[in-house]
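Q: I'd like to learn how to read pockets and salt bridges in a protein model. Can you walk me through it?

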Amino acid sequence: MIKSLKNMILIGIASLALVACSQQGGGGNSKKSKTLENTKKAGFVKCGVSQGLPGFSNADASGNWTGIDVDVCRAVAAAVLGDADKVKYTPLSAKERFTALTSGEIDILSRNTTWTLSRDADIGLTFVGVNFYDGQGFMVRKNSGIDSVKDFKSGISACTNTGTTTELNMRDFFNSNNISYEPIAFEKADEVVQAYDAGRCDTYTTDKSGLAAQRTKMSNPDEHKVLPETISKEPLGPVVRQGDSVWEDIVRWSLNVMIEAEEYGVDSSNASSLKDSENPQIKRLVGTEGELGAAFGLDNEWSLRIIEQVGNYGEIYEKHIASTGIMPDRGPNELWTKGGILYVAPAR
Amino acid sequence: MNLKNPKILIPQIITVISLISVIAYFAFNAQVNMGNRGISFGYGFLSQEASFDIGFSLIDYDGSMSYARAFLVGLLNTLLVSVIGIFFATLIGVTVGIGRLSSNYLIAKTAEIYVEIFRNIPLLLQLFFWYYAALRALPLPENAINIFDVSYLTVKGWYVPKFIWTNFSVFLISILASIIAIIFVVKYAKKKREEIGQHVPTFSISFGILILFPLITFLVGGVTLNFQIPVLSQMTTTVFNFKGGVSIIPELISLAIALSMYTATFIAENVRAGILGVTKGQKEAAASIGLTKSQILKLVVMPQALRIIIPPTTNQYLNLTKNSSLAAAIAYPDIVLVFAGTALMQTGRAVEIISITMGTYLLISLSISMFMNWYNKSVAIKEK
């Protein structure tokens, strides 16, 4: 009798332990993100950026990074850690950027990277959105007499960055127009600018936003012009590692709420005052309705912090790209309600 | 080495096993981690289309060819700049090394200053100097530096006439035949000198053969050589370029110059050490039997000095070949920039590509050192 009682107690304790374990495991697994845990432990978001591209990610003389790519990381920091400035920036060349991400040196790659199939599917990465719709263009000297890409003749020399979609698109373009060209590919954007400036190459090609940004670094910016044609699609956006879907969602939706905030007129100055708004979607964006944060394992003010500390997409664009003169005309990077193609899924 | 002795055998076996297990551990670790992150491993990507063009290539290359072909282009470019570098480094190095020992104060001092300057500045900085400061100062094509109206030096490249051959293979065979003939002549002259002390003018005969054989192919072998001279053409109102001819890109020129000037300093010091390493008694004895200074250098000093010069110079050749990977800093499409750069970025296959690149450099270095060891053995004095 005592033996069977002992057995029953043992079985009871064992099953309780099993249930408790499964509860913890089951309940925790759906919100478990190794990257999120490591970020909270470290106290900063590890962000991979460019080596200096005005408007996107550029460090000033005292080492402060600014730009729309930087702001994606700052948004994630605001959502996850409460402070948008808790980010560690790692400048990366085009060569190291993907390896740095897959090896774990950085957790977000926000480096004006073009979203392509082979990058998304083949190397263990996932693109989580587009923060700038761009296209590839050509820059020539104003006095060269070239007014359009139709004026290109065989024998032209073109400088660009190595290992980018630019190199591939350039080849496709010249081949389809039967123009023989001389490609000169440098690793760093500064070297390309220097080569083009010295006359080593007749044209400089990269994303149009890059052309506009790099023109500011030339010895005589007014001597150069960007040709009107766009020869490719370049959707630029942040990238994360495959396999951590919670982290993926956090980065994706941090970007999405910034765009949706502009759609609903919520910006960094009025966000907290809109907590009692009539519009339920605005209330969701500022955290007074719904439990959206819990879906990622965050508190409910995650989106409010993003909007307050970083701003909505319009503010970011204005601050870094429009007012600096890089691309005052938003072009496709405008809300869908205003003629652009920024249409994100609703945060609800 | 008595391998049967357990005291010697067991530590060796343990070392080998631990080495293999360390390598296996890292390989397994990489495989597991890459699997976890969804990165595949395999060398099949080499047959995929490369989709990028290369600005300078010794063989036919187009973006529609495979990554393996792009690798070959990069490899040939690396070998090209290494061979050019080794050639000029040896030439400059031997000259400067002997010059430093000259009794002429000006020559000796100039050589010393050259060595001290170019030895102590990092190679990358020297390379940047030649590419950005020196070569970028060259004029645009419309104001090119004119070399006898057949060759033009511009910031876009050094345009030289293109050699257009017919029946080039016949010409090559004649060169080969003349080399074989010269070897026979040298052997014959040596035999004659040892047997009856007769001096055969090998140099003049060899020179004659080298000129005569190829000349015959021009006259009767059907070999012709035409030159395509570069011509300035206008592309737009202000953009000019040269059409025809061959363009030697400034990236190649600056890399070759930087590598040669830098490595020559080390070779010069090796040569100087080798010559100084020959005991003074040798020179005195040679002088006492009536040899002139140049004869002493050629017949007595250099053969003994070469034994001292060649091994460290082999090192310098290997260094030069590996240093050519700095090409990535100035857009010269060598194997590092094309394969371990562009191809790596496009495919994302870091482990495979870096392993291939390392293996290639290892192979090149081993070949150079094998050749130099053979050469060392052949010129070494057979001590009795």
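A: Let's start with the words for elements: helices (H or I, at least four residues) and strands (E, at least two) are DSSP runs, numbered from the N terminus. A pocket, on a 1 Å grid over the protein atoms alone, is an open set of points where a 1.4 Å probe fits, with protein on both sides within 12 Å along at least five of seven lines, and its lining residues have an atom within 4 Å of a point. This is a predicted model, where local features need pLDDT of at least 70 and side-chain atom pairs count only at pLDDT 80 or more, while totals for chains, interfaces and linings use all residues. Residues are numbered from 1 along each chain as its sequence is written, chains are lettered from A and ligands numbered from 1 in the order in which they are written, and side-chain values use heavy atoms, leaving out hydrogens and water.

Q: Which element gives the largest share of the lining of the largest pocket?

A: That's helix 7 of chain B, with six residues. The largest pocket holds about 1200 Å³ of space, and among the residues closest to its centre are B:Gly55 and B:Phe56.

Q: How does the lining of the largest pocket divide into nonpolar, polar and charged residues?

A: Here Ala, Val, Leu, Ile, Met, Phe, Trp, Tyr, Cys and Pro count as nonpolar, Asp, Glu, Lys and Arg as charged, and the others, Gly among them, as polar. The lining has 23 nonpolar, eleven polar and six charged residues.

Q: What about salt bridges?

A: Side chains of opposite charge can pair when their charged atoms come close. The rule asks for a side-chain nitrogen of Lys or Arg within 4 Å of a carboxyl oxygen of Asp or Glu, and it gives 27 salt bridges over all chains. One of them pairs A:Lys95 with A:Glu187, with the closest N and O atoms 3.3 Å apart. A:Lys95 is in the loop between strand 4 and helix 4 of chain A and A:Glu187 in the loop between strand 9 and helix 7, so the pair ties together parts 92 residues apart in sequence.

Q: Which residue of chain A does B:Glu251 pair with?

A: B:Glu251 forms a salt bridge with A:Arg200, at 3.0 Å between the closest N and O atoms. B:Glu251 lies in helix 7 of chain B and A:Arg200 in a loop of chain A, so this pair joins two chains.

Q: Is B:Glu251 buried or exposed?

A: Buried means under 20% relative accessible area, exposed over 50%, and partly exposed in between (1.4 Å probe, protein chains only). B:Glu251 is buried at 1%, and A:Arg200 is buried at 1% too.

Definitions and conventions: Grid points are joined across faces, edges and corners, and a volume is the space filled by probe spheres set on the points.
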